[in-house]
Every structure is written in C-alpha cells, then in structure tokens.
Amino acid sequence: MAEDKAQSSRLWLWIGLAVVLIAVFLTAKSLLRDRLPVRAVQAKSEELLNTVSTNGHVEPVQNYQFFSPVATSVKTVLVQAGDVVPAGKLLVTLDDVEARAHVATAESGVKAAQAALDAATHNGTQQERQGAAAEVAREKLQVSQAQHDLDALTRLAATGAASPGEVSGARQQLAIAQANLSASEQSAQSRYSSQEVARAQAALADAEAGLSAAQHVEAQTAIRAPIAGTIYSLDATPSSFAEAGKLLLQMADLKKQRVRAYFDEPDLGRLAAGQMVVIQWDAKPGQLWHGHIDRIPVTVITYGTRTVGEVIVAIDDANDGLLPDTNVTATVTISSQANALSIPREALHSENGQYFAYKIVDEQLQRTKVTIGAPNLTQVPILSGLKEGDWVATATTNGQPLQESVPIKVQK
C-alpha cells in the first residue's frame, strides 16, 4: 500500500515536471520567437521642397564674337585668353591692304554716281550745259536773221521787186529756225527724263551701300572691345592666316551670365517665371549659385533622345565663378511647405486607392491609415493619421514583407 502511494507520487511528480517543462518551453519559445528586423524613421516637421532637376549650360547674357571679315593674315594680337579688358581697347589687328583697296574703289564709284546724278538733275554736265546755251544762242540768231530776211522780201514784194515764191520760202526758213530754237531750248531745260533721274538716284544709293560695306569690312580689321569684359576664347596668333568667317575671339561680361536649361516635356507644365533655381557645377563641388526662371519655352525641341523645352535661368549671384559653355545642373523649386509633417516615400503604402503606413506601437507594426499632400521625390507630407515623433517602418532588412501585429526589432 505504501509502495503504491510512492509510485503514484513519483508519477505525478514526473507529470508535473513535464507540464512545467512544456510551459517553460512554450514561454521561452514565445519570448524568443524571431522578431521581424525593420528599419524605422520618425515622422517630423520640416520644410518640404518639391523640386525638379535637369542639365543645362552656362552662356553670357550678351556674348560678343569677332570673325575675320575677309581672307587675310593676323598682324598683331594684343591680349591673351582670360584677360579682363576695358571698353575700347584694341585687341587684334588684321592685314587691311585689301580692305582699304575696296574702300578706295567704292569711294570712286560713289563719286561717279554722284556726278551722274548731278548731271541728271541739272540738265547735264557743265560742258553739256554750256554747249546747250551756245546752241540756243545760235538758234536765236538764225531766227532773227530769218525774220529779217522775211521782212525785207515782204517790202520788196510790195513794190514788185520780189516774187511771192521768194516771200513764201523766207517764211519757211523762219518757221524752221523757230522750230530749231524751240527744240534747243527744250533740250537745255529738260535733257533727262524722270525715269533717268530715278535710275541715277538708285545707282548712287547702290554705290553708297557698297562704300558702307567696304568701310565696315575695313573697320573689322581692327578689333576693339565693345564693353568692359573678359576674353574667354582666343583663336588668333600673329602672322597666322585667317579665312573669311573664322571665329577669332569671344568676350563677355562674365558677371552677367545665364543658364540655358533643358527640362523634359512632362515637367514644363510645373514651371513658371520667377521660380527659384539652384545651380551646381561638378568642377566646383559644394559651391552653389542661385537664380530664377527668367523665360519659359514657347515650344519643345529634340535634344539628343529627349524632347525638352529650353528654359532661360537668370543667375542672381553677383560673381564670375561660372565659366561660359560649362555644363551644370539646375534644380527648380516647384513648391515649398514650411513645417510640414512628413515621412520618407518608402514608408508610405497604398491599397485600393487608400494610403497607409506601418506605425510602430509596443514593438509591433500597426497599419495606420493616412492622408497625404503633394509629395516630392523623397518625402511625403502627412495631413492626418500620424503625429510628430511617431515611428514608422520603412522596410525589413531580411527582405520579408512588413506585416501588421508582428513583433519587430528596429535595426539601426
């Protein structure tokens, strides 16, 4: 009897021990169950910028380019690339022998055309006018003589000393003399027609245009700085040959530059004149230039494989750190929200048109519905559903999907 009780006690002891071990195992398993490793961020208020970036290149607001006007040689080069020069300084001179010869020829043509116009508007040259006056005088003498002869024969005919035929012949001679006088006087007064005068005027205008062009070419053989600025491109050396149209020199005021930025067509609708722009140049990392959109495009163009609009960005910084024709990055601020509660875009999820985030509550994920504003490339403004300081999960570190009510471990 006593032995049966001892065996029964040992059985219950073992059963109790097993129950305890099972309970301990289940508790340990519960406590030691693998937690989902996640990365987390806090919802916080900050300035939220909506931006769009693109490439562009720097160009002077007003660029001055100088080309060789004719095929000639370079005589002197008085500057070097990078020189800052005052307005009016002589920069380069070209051989101007041929240009001066063209000017002389053009001047001669103008004088000849002027003389021709003078003759057309004054009834001929001085010699022609003198000859016409002498001709009129002779014709007047002949008219006077013919009249005298007619008068004499008329008197003789009255006495029978002259025949009627002689009187008739004298009248014909007078008429001929009068006709010749009239023609001479008309020729002396209007030798040239209005069409001939107009042709002479056109010839003079053409000659004067030729002279102006020749003088312009001659003036271009002495290149002077039109403004105070910097020589940033120079392709001329003394005694070198320069073909007609060759670019010799470029200069500009490098404190007055702009950026021609190439924005993709879908972004153009968000741009407006006056929007602020930040400019970056890889050659000077960490340095920023600031500007604003000065002119938006009125059409789109093909730029490589892209369809873009050319946006002109005025540079507001008063310095000359940027160089012409350099490639830069232009970032436009489309909108700005001060003190906007936001989370990273990777922390936002959507389902059936509804947005939610996985909020961390008591070391578990809690699916929380949120309403959002206009996001930028990296951040999303939260209008409701979260508050300042709330922690939300962005992703797991082991590739597993985020799940609600799953114990988690935040990875730093």
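The views below are all taken from a predicted model.

**View 1. The largest cavity and its lining.** By the rule applied here, the count comes to one cavity of 30 Å³ or more, and the space in the largest cavity is about 50 Å³. Its lining is made up of 11 residues, of which Leu-254, Gln-257, Ile-315, Asp-317 and Asn-319 are the closest to the centre.

**View 2. Helix α2 and the residues it buries.** Helix α2 runs through residues 97-121, and its 25 residues reach 36 Å from the first C-alpha to the last, which is close to the 36 Å expected at 1.5 Å a residue. The buried residues of this helix are Ala-99, Val-103, Ala-106, Val-110, Ala-113, Leu-117, Ala-119 and Ala-120, and the helix that these buried residues pack against is α5 (194-220). Just after α2 comes Asn-123, where phi is positive at about 60 degrees.

View 3. A search of the whole structure finds two aromatic pairs, and one of them joins Tyr-262 and Tyr-303, which are stacked with 4.1 Å from centre to centre and 10 degrees between the planes. Because Tyr-262 belongs to strand β11 (residues 257-264) and Tyr-303 to strand β14 (residues 301-303), the pair ties together parts that are 41 residues apart in sequence. Tyr-262 has a relative accessible area of 6% and is therefore buried, whereas Tyr-303, at 31% relative accessibility, counts as partly exposed.

View 4. When residues up to four places away in sequence are not counted, Lys-359 touches Gln-364, Leu-365, Gln-366, Thr-368, Leu-386, Lys-387, Asp-390, Trp-391 and Val-392.

**View 5. Val-278 and its surroundings.** Val-278 is found in strand β12 (residues 276-280), and with a relative accessibility of 26% this valine counts as partly exposed. Leaving aside neighbours within four places in sequence, the residues in contact with Val-278 are Leu-288, Trp-289, His-290, Thr-329, Ala-330 and Thr-331. Val-278 and Ile-315 are separated by 37 residues in sequence, while their C-alpha atoms are 9.2 Å apart in space.

**View 6. Two loop residues with positive phi.** Asp-325 is not a glycine, yet its phi is positive at about 70 degrees. Asp-325 sits in the loop between β15 (306-315) and β16 (327-344), and at 51% relative accessibility, where exposed means over 50%, this aspartate counts as exposed. Ser-405, which is not a glycine either, has a positive phi of about 60 degrees, and its place is in the loop between β21 (391-396) and β22 (408-410).

Conventions. Residues numbered from 1 in each chain as written. Predicted model: local features only at pLDDT ≥ 70, side-chain atom pairs only at ≥ 80, totals over all residues. Heavy atoms only, no water. 1 Å grid on protein atoms, 1.4 Å probe; cavity = no way out; pocket = protein on both sides within 12 Å on 5 of 7 lines; lining within 4 Å. Points joined across faces, edges and corners; volume = space filled by probe spheres on them. Helix = DSSP H or I, 4+ residues; strand = E, 2+ residues; numbered from the N terminus. Expected span 1.5 Å × (residues − 1). Buried < 20%, exposed > 50% of the residue type's maximum accessible area, 1.4 Å probe, protein only. Contact = heavy atoms within 4.5 Å. Phe/Tyr/Trp six-rings, centres within 6.5 Å; stacked < 30°, edge-to-face > 60°.
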